[in-house]
Amino acid sequence: MTAAEPERKISLFDFEILISVAESGSFHQAAKRLGIGQPAVSRRVEKLEDVLGVSLFERGAAGAKLTLAGSEFLTCSSAVYENLKAAFQRARSHAVAKYGELRIGSMSSFSNGPQRTLIKAFIERHPRVRLNFLESERRHMITMLAHRTIDVVIAVGETPYENCDGLLLTQESVFVAVDRDSHFAHSERLTWSDIADEHFLVSSREAGPDIHDFIVRHATAFGRDASIARHHLCRDGVINLVGLGLGVTIVGGHSAGAQYPNVVFVPLGGEDERVPFSLIWRPENDNPALRRFISLARIEARQNGALS
């Protein structure tokens, strides 16, 4: 590289400066936010522009506005920046905290059941581990596992995933959430034939698609088309719609431990009807906190009879 050529090294801090200028719309405000001088901010942005060969900002008296090329570059690079930042933070957490961090993706509530018991036991045994939780769709969380942005997923079902390890944690009883004013509310147990004609409410998020398929599979066994409405709400939001008299929904035993306005949970199906919940993780993930979590999960699974 000759003296006239721009330096080709781009640091994580360069991305942080770029994002700060874009968010504040000002080199001056970005410098103030980052606690450095404005000339340093300008130099860093100019270095990026030299490397890319395009202008990233339109500079003027009103501030700095992203060019089309700058906007596209920021959109494409933001995910890279977030992943790099997470990697740095993860490495540093191992250096400063004896037990590190565990990031858990979940499709279930922690109000009741083995999932709650497992989390509680882990907190008691490893109080210095920082726990971060995320709720999302299964497909998204499996992708996050692959990118190491989460460590483990608690998911509905027991289907194995390519390049993942799994552990059946529990087989939960099934409940139907009904309006307290419904004639079903005082039933000791309901069957699928009892509720096959009801209007079912499901979430389009988290475990909603799995619940949708579960309902269709059982309701159509009686030769009827299931009436199902999807709502872009979390689990709690859907259950609250039940309390408003808009329909019924299906939940696992872990959700039946919570209280919702005007909602009653009634056992559904036979005593042997169960919904499986599993842990999913990547075998190459060497996070010590993950290994401790899996060890505790195996103990919990044996106590639940899910693991021999």
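A residue is called buried here when its relative accessible area is under 20%. In this predicted model, buried residues make up 45% of the 308 residues in the chain.

**Figure 1. Overview of the chain, with its ten helices and eleven strands.** Among the contacts with a separation of 6 or more, 73% are made by residues 24 or more positions apart. The chain exposes about 16000 Å², and carbon and sulfur atoms supply 51% of that area.

**Figure 2. The buried side of helix α6, which spans residues 138-146.** Arg138, Met141, Ile142, Met144 and Leu145 are the residues shown here, and they are buried. These residues lie on the same side of α6 because they cover an arc of only 160° around the axis. In an α-helix there are 3.6 residues a turn, so residues three or four places apart point the same way.

**Figure 3. Arginine 148, in the loop between α6 and β5.** Arginine 148 follows α6 and has a positive phi of about 65°, although it is not a glycine. Most residues other than glycine have a negative phi. With a relative accessible area of 28%, arginine 148 is partly exposed. Its side chain meets that of aspartate 286 in a salt bridge, at 3.5 Å from N to O. This pair links distant parts of the chain, since aspartate 286 belongs to the loop between β11 (274-281) and α10 (288-304), and the two residues are 138 residues apart. Aspartate 286 itself counts as exposed, at 60% relative accessibility.

**Figure 4. The salt bridge between arginine 44 and aspartate 14.** The closest N and O atoms of this pair are 2.9 Å apart. A search of the whole structure finds eight salt bridges.

**Figure 5. The salt bridge between arginine 103 and aspartate 151.** The side chains of these two residues meet at 3.3 Å, N to O. Arginine 103 is in strand β3 (residues 101-106), while aspartate 151 is in the loop between α6 and β5, so that the pair links distant parts of the chain, 48 residues apart. Both arginine 103 and aspartate 151 are buried.

**Figure 6. Strands β6 and β10, paired in the antiparallel sense.** Strand β6 (residues 165-179) pairs with β10 over five bridges, and valine 176 stands opposite valine 266 in β10. Strand β10 is mostly covered, with four of its five residues buried. In the loop between β9 (249-252) and β10 (263-267) lies asparagine 262, which has a positive phi of about 65° although it is not a glycine. Asparagine 262 is partly exposed, with a relative accessible area of 26%.

**Figure 7. A nonpolar surface patch made by Val80, Leu84 and Phe88.** The patch has an area of about 240 Å². Leucine 84 is found in helix α4 (residues 68-96), and at 36% relative accessibility it counts as partly exposed.

Note on methods
Residues numbered from 1 in each chain as written. Predicted model: local features only at pLDDT ≥ 70, side-chain atom pairs only at ≥ 80, totals over all residues. Heavy atoms only, no water. Buried < 20%, exposed > 50% of the residue type's maximum accessible area, 1.4 Å probe, protein only. Arc of directions from axis to C-beta. Contact = heavy atoms within 4.5 Å. Areas by Shrake-Rupley, 256 points an atom, 1.4 Å probe, with all protein chains shown as cover. Patch = residues over 30% accessible without salt bridge, like charges linked within 9 Å, V, L, I, M, F, W, Y side chains within 5 Å. Salt bridge = Lys/Arg side-chain N within 4 Å of Asp/Glu carboxyl O. Pairing = 2+ DSSP bridges.
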